Amino acid sequence: MDNMQLQFIEAGTLMLAGMVFVFAFLSLLIIFINTVLAKLSVKFPDPVAKPKARSDRKPKKLAQGEVSPAVVAAISSAVTRYRQQHSQPKS
């Protein structure tokens, strides 16, 4: 074998060894972090948030044919916004 082939083989071997080392290091790091987090979560558990109590208020029932005030307000604001966007400046 000539000198160039030997250098390529040596470079490939170094590259493979480096990749294996990095893979092993990162795997150990992940295992270590997960172990530490598991032990810490036992000592310091996360507080459990209490669910908010549901309000017992029910929306008022409207008489048949009556429009909800919320709907009226939404339509009014939409009309106002439309007029503002499409109004032409007076000259």
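Ala11 lies in helix 1, which covers residues 3–43, helices being DSSP runs of H or I of at least four residues, and strands runs of E of at least two, numbered from the N terminus. The model is a predicted one, in which local features need pLDDT of at least 70 and side-chain atom pairs count only at pLDDT 80 or more, while totals for chains, interfaces and linings use all residues. Residues are numbered from 1 along each chain as its sequence is written, and side-chain values use heavy atoms, with hydrogens and water left out.

With a relative accessibility of 42%, Ala11 counts as partly exposed, a class lying between buried (under 20% relative accessible area) and exposed (over 50%), as computed with a 1.4 Å probe on protein chains only.

Overall, the protein has two helices and zero strands. Its radius of gyration is 35 Å, well over the 12 Å that the globule rule gives for 91 residues, so the protein is more spread out than a compact globule; the radius is taken over C-alpha atoms, and the rule is 2.2 Å times the number of residues to the power 0.38. The C-alpha atoms fill a box of roughly 95 × 60 × 25 Å along the principal axes, and 0% of the 91 residues count as buried.
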